[in-house]
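Subject: Structure handover

Hello,

Here is the structure I said I would pass on. Please look it over before reading the notes under it.

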Amino acid sequence: MQKAATRRPTSILHRIVHVVVLGAVVALALAFVDFSNVWDLLRSVRVPYLILMLVLATASRFLMSWKWILLLRAAGVDLPFASAVRFYYQSTVIGQIPFLVLGADLFRIHEVTRQKGEAPAVIASVVMEKAQGIVSAFLLGTLGLVVIVSVRSAQQATLLAVVSVGGLVLSVSLLAFSLSDGVHRQVLRLVQAWAPRRLRKGLESFSLAFRSMKGQHLVLAKTLSLAIVEHLVQFLALFVAGRAIGVVQSAPLFLAAISLAMVARRL
């Protein structure tokens, strides 16, 4: 049963962390961004493309939030849509800071846990979200590879095919494997031999929350579909952004290249 959430006042330490993160973003921008070039680029942007790009980027965040809410509900946590959108926008800023690859996800986990409790269920939702994102990336990467090879002969097509198709099969297999009760029992049995009691309890709670999503096939099918649509919207946003600054490339090749780039980024 979900515990009643009690919203605690923001601590001084919490405020300090926010200020430090903001300061780090500003410092990195000042150190690495050539603002004169950025300004020249912004002045050359075509406004209709810019508006369309912002609409697509917003749609992408809404799709992410909807997908995450469904996974949270599958794990037993009810989060308002507005809160999910807010946490996603805040975590996006953190995700842009170098060396904080996991910072965005940890921020979302922390904020929802602070509001709702049920940390194992929240973590399970994010792990499932990431797993489905990998499956989506390899699926679209495989389709992108087919487009590139059909349009022009790629010298490294064989290697790309092995990586993309192999990654798709492996990611789907690992996702199914991770939901196996037997696998969880074996892992927990190994953990009991060396892990402290508190860690064992946490892993047992996470395992229970993660496996609770196994029988919800319709929810998992919806969230995987949303992950694929979300990635396609992101690809379109990048394509429109390229057009906004004068990058002209055929849509199929551009989107196919972006899909393969996403596979490389996931790897």
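The notes below cover a surface patch and a group of aromatic contacts. Please keep in mind that this is a predicted model.

Surface patch

A nonpolar patch on the surface is formed by Leu22, Val26, Leu30, Phe32, Val33, Phe35, Val38, Trp39 and Leu42. Together these residues have about 950 Å² of accessible area. Two elements, α1 (12-32) and α2 (35-44), each give two or more residues to the patch. Val33 belongs to the patch and is located in the loop between α1 and α2. With a relative accessible area of 34%, Val33 is classed as partly exposed, because that class runs between the 20% limit for buried and the 50% limit for exposed.

Aromatic contacts

The count of aromatic pairs comes to 4. One of them joins Trp68 and Tyr88: the ring centres are 5.8 Å apart and the planes are at 80°, so the pair is edge-to-face. The cut-off behind that label is an angle over 60 degrees. Trp68 is in helix α3 (residues 47-74) and Tyr88 is in helix α4 (residues 81-95), so the pair ties together parts that are 20 residues apart in sequence.

Are the two partners buried or exposed? Trp68 has 0% relative accessibility and counts as buried. Tyr88, at 7%, also counts as buried, since the limit is under 20%.

Trp68 has a further contact: the charged end of Arg108 sits over the Trp68 ring, 4.6 Å from its centre.

Regards

Notes
Residues are numbered from 1 along each chain as its sequence is written. This is a predicted model: local features need pLDDT of at least 70, side-chain atom pairs count only at pLDDT 80 or more; totals for chains, interfaces and linings use all residues. Side-chain values use heavy atoms; hydrogens and water are left out. Patches are made of residues with over 30% relative accessible area and no salt bridge: like charges are joined within 9 Å, nonpolar side chains (Val, Leu, Ile, Met, Phe, Trp, Tyr) within 5 Å. Accessible areas come from the Shrake-Rupley method with a 1.4 Å probe; for residues, only the protein chains shown count as cover. A salt bridge is a side-chain nitrogen of Lys or Arg within 4 Å of a carboxyl oxygen of Asp or Glu. Helices (H or I, at least four residues) and strands (E, at least two) are DSSP runs, numbered from the N terminus. Buried means under 20% relative accessible area, exposed over 50%, partly exposed in between (1.4 Å probe, protein chains only). Rings of Phe, Tyr and Trp (its six-membered ring) pair if their centres lie within 6.5 Å; planes under 30 degrees apart count as stacked, over 60 as edge-to-face and the rest as tilted. A charge sits over a ring if NZ of Lys or CZ of Arg is within 6 Å of the ring centre and within 35 degrees of the ring normal.
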